[in-house]
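Let's walk through this structure together, one step at a time. Please have a look at the chain below before reading on.

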Amino acid sequence: MNKQDILLKDKTDIVNFVNKMEKYPYHADLQCGSCVVDAKSLLGVMGFGMGKVMTLHVYGDEDIRTLPGIAEYVITR
């Protein structure tokens, strides 16, 4: 498992993010505070709202920062 902070700024980001996550064979969760939802669930991710820093947990060997289409949402601190 690896994790990375991400930011989804608006509804378009959320829809695009979920569509891209659905293409990967890995299970992924999105965490905001103490709440966790399936990162492939549009309704779940929408429930977190927009403009919040969330932590993406991907249960696979791939580095999140190298996943095509996902790197644009990664926050580097």
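**A guided look inside**

The largest nonpolar core holds 22 residues, and Ile6, Leu8, Phe17, Leu30, Leu56 and Ile70 are those with the most contacts inside it. Such a core is a set of buried Ala, Val, Leu, Ile, Met, Phe, Trp, Tyr and Cys residues joined through side-chain atoms within 4.5 Å. Two or more residues each come from α1 (11–21), β2, α2 (42–48) and β4 (53–59), with α1 giving the largest share, 4 residues. Helices (H or I, at least four residues) and strands (E, at least two) are DSSP runs, numbered from the N terminus. In soluble globular proteins, nonpolar side chains tend to be buried together.

This is a predicted model, in which local features need pLDDT of at least 70 and side-chain atom pairs pLDDT 80 or more, while totals for chains, interfaces and linings use all residues. Residues are numbered from 1 along each chain as its sequence is written, and side-chain values use heavy atoms, leaving out hydrogens and water.

Now turn to the strands. β2 (residues 27–32) and β3 (residues 35–38) run antiparallel, joined by 4 bridges; strands pair if DSSP finds at least two bridges between them. Asp29 stands opposite Asp38 in β3. The two strands form a hairpin with 2 residues between them, and Gly33 in the turn has a positive phi of about 65°.

Notes: Buried < 20%, exposed > 50% of the residue type's maximum accessible area, 1.4 Å probe, protein only.
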